[in-house]
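Thank you all for coming. Please take a moment to look at the sequence and the model before I start.

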Amino acid sequence: MTSSHSQPPLSDDTTVIEADPRADDAPPTAAVPNDQGLQPVKLLIGVLGVALTIWAMGNLFLAFAYYPEWFFNSKILMGILGLVVGVGGAAVLFWFINVAVEALPRRLEHGLIPYAFLLPGFTLIAVTLLYPTIQSINYSFANADSTEYIALDNYVQLFGERAFWDAVINNVLWIAIVPAITVALGVVVAVLADKLSASSEKWAKSFIFLPMAISFVAASAIWLTTVYAYQAPGRPQTGALNAILQQLGGTPQNWLAIDTARLNSILLMVILVWLQTGFAMVLLSSAIKGVPEDTIEAARIDGATELQIFWKVVIPQIKGTIITVFITVLILVMKVFDIVYVLTNGRDNTDVIANKFFNEMFARGQAGRATAIVTILLVAVIPILVYQIKQFREQEAMR
Amino acid sequence: MSATTTHDVATTPTAERVRGSGRLKDGRQRSPFSMVVMLLLAVLWSLPTLGLLITSLRTREAAATSGWWAAPWEGGWTLSNYSRVFEQADLGNAFLNGILVAVPATVIPIMFAAFAAYAFTFMDFKGKDFLFIIIVAVMVIPIQVAFQPLLDLLGPRGLGISGQYLAVWLLHTGFGMPLCIYTLRNYMASLPYSVVESARIDGCSNFQIFWKLIAPMAMPAMAAFATLQFLWVWNDLLIAKLFLSNDNTTVIVKLQQLLGTQGQGAELLTAGAFISMVLPMIVFFALQNFLVRGMTSGAVKG
């Protein structure tokens, strides 16, 4: 509503009241608005508007939960209303925030408006991420139902348990194997696809990229039924792995129960690699296409072989992307849960930290131990967090 | 490598002549090795999904007595798995829940994040770097850390909304917020600053500048985030399992329950799994370009 900066506040206010957020289409009348100092009426309207919007949104949303009969118990109606009120309410909220801050003297306005725009988003982050994280750390020093502090007992217990260390070892294996293999496969696929004609490249990439759209749960169902399925010996095998083994004269195996050399964990990892290779390929492929051709041409003229060019010219130039992909998959793997939970739920030595957390919390109701486990996970993530911040700072410096 | 092509054609006048033999249309050398390996990889990557589709279209007996690769000659085709999974596992309701959870949870965060991204990009203020570093840091935090306190906060001991859509909308909005702010801010930083400046001189308020100039220009980034977020919310198991009642739960949770009761419902599992994949696959194919853009903008989610 700055279009009316130079007008008397009263007329400004009338437009404010009836306007919806899109109604401010009038072209700006004043070239450079002059400072009017504090405009109390406008401020009041802005503040009341913000309060009213929050109140109305909050109550309407809570009404979905508390009084579904008001909405004829219709989920569809509530879904659509939720979408409209969520998006529209957010727009109205920001509009009133803008009105309120603009009513302040110019210097204050300029100082405050950025924070005003950040406030709703940061409030959401604070409520859903920051506060719960701190509270989790707090709970990790308390007993099973978070009623009494028991100092470090949860941690001492966990560190003394074989099962906990088994889960840690598995997680370390996931971390050591999955990101590296995913990146390596991604590079190979990206390089090979780059040598195809444009249309074959697009097709080939689509097939490898497609699993990105599949959930971990569906992917687990896919691999369980088509590849790892096991029937007792003598019956027809419906899983590809056992069928091949039988053809070669072997005995069918219940693959996900074999923990020799952590074979079952590795087979679970295969599923994640299958899902994530497409992601790695997409990022690496665009990086490879960005490698300047003259650097490759120059190496070729100097008599370098294709393999040398790949290792000495291409790889160093896409190193940044390789690291990005590696870190992204690494973060994913550190908290891997769905695949393990639905296929083995940690049986036969396949447990991982996130699955252990889930079982402690919901199967066993041990809030103290569960939060201790995630706090340990949080500590383990800190090096990556620091690296990401450092990386971000460097990027910003180059901007 | 496409940069080579013009160069190659220019330097080798014979390129035109040898096009049919050993060279691609754009003059690059044809690589039989890459063609064979890529074909193999593409087949290998698709076979498990194809196997699932085939199994889901076969009767229980056929699927248990011969492998999915034998279906062309062993037969046993049926559509009944699909109709039965809708009846027995209440999948229609779950599918609807999935949509009603995912659409608001995809769109609402964009609204809140876009204003924050605008402030981060086009305004100067104290603590800007620090606040943005919080965003970068929070993206890495595993969301598991938040669950126990949130169950208290949203559950019967607190607001009492756990089990409803509302709880999941709120959580996905919050969890998606850092990534959304980050993605949008990176994109907005590439927009011309002068546009904003001249609009300010013309007396536009920040709300107007955002609404009429920046938001339309940032549409591609919003679509990119929306694609990622939709796939993420639709495919999510943890949050839906913990914060939705059985009547409001999504296809993915139903699928997880089917996986748990194997043996008697093996044929329903395959049909259910395929149904759960239909919508994300449509989104994936329709919005693949946005998805790629979203990922290349540095999408990391904790």
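Predicted model: local features only at pLDDT ≥ 70, side-chain atom pairs only at ≥ 80, totals over all residues.

Residues are numbered from 1 along each chain as its sequence is written, chains are lettered from A and ligands numbered from 1 in the order in which they are written, and side-chain values use heavy atoms, with hydrogens and water left out.

Let us begin with the interface. If contact is taken as heavy atoms within 4.5 Å, then 128 residues of chain B are in contact with 127 residues of chain A. The two chains bury about 10900 Å² between them, with 76% of it on carbon and sulfur atoms; buried area here is the accessible area, found with a 1.4 Å probe, that two parts lose on being put together, summed over both.

How many salt bridges does the rule find across the interface of chain B and chain A? The rule, which asks for a side-chain nitrogen of Lys or Arg within 4 Å of a carboxyl oxygen of Asp or Glu, finds one. That salt bridge pairs Arg185(B) with Glu396(A), and their closest N and O atoms are 2.7 Å apart.

Now to the annotated spans. An unreviewed UniProt entry lists "transmembrane region" for several stretches of chain B, including residues 94-118 and 167-188, and such annotations, given in the numbering used here and with shortened feature names, may be inferred rather than shown by experiment. In the model, residues 94-118 of chain B are 100% helix and 0% strand, with end C-alpha atoms 37 Å apart, and residues 167-188 of chain B are likewise 100% helix and 0% strand, with end C-alpha atoms 30 Å apart. For chain A, the unreviewed UniProt entry places the feature at spans that include residues 206-230 and 322-343. Residues 206-230 of chain A are 60% helix and 0% strand, their end C-alpha atoms lying 31 Å apart, whereas residues 322-343 of chain A are 86% helix and 0% strand.

Finally, the salt bridges: the whole structure holds 17 of them over all chains. One joins Glu102(A) to Lys42(A), at 3.3 Å between the closest N and O atoms. This pair links distant parts of the chain, 60 residues apart, with Glu102(A) in helix H3 (residues 75-102) and Lys42(A) in helix H2 (residues 40-66) of chain A. Are these two residues buried or exposed? Both Glu102(A) and Lys42(A) are buried, where buried means under 20% relative accessible area, exposed over 50% and partly exposed in between, with a 1.4 Å probe and protein chains only.

In chain B, Asp152(B) and Arg157(B) meet in a salt bridge of 3.2 Å, N to O. Asp152(B) is buried at 14% relative accessible area, whereas Arg157(B) counts as exposed at 67%.

Notes: Helix = DSSP H or I, 4+ residues; strand = E, 2+ residues; numbered from the N terminus.
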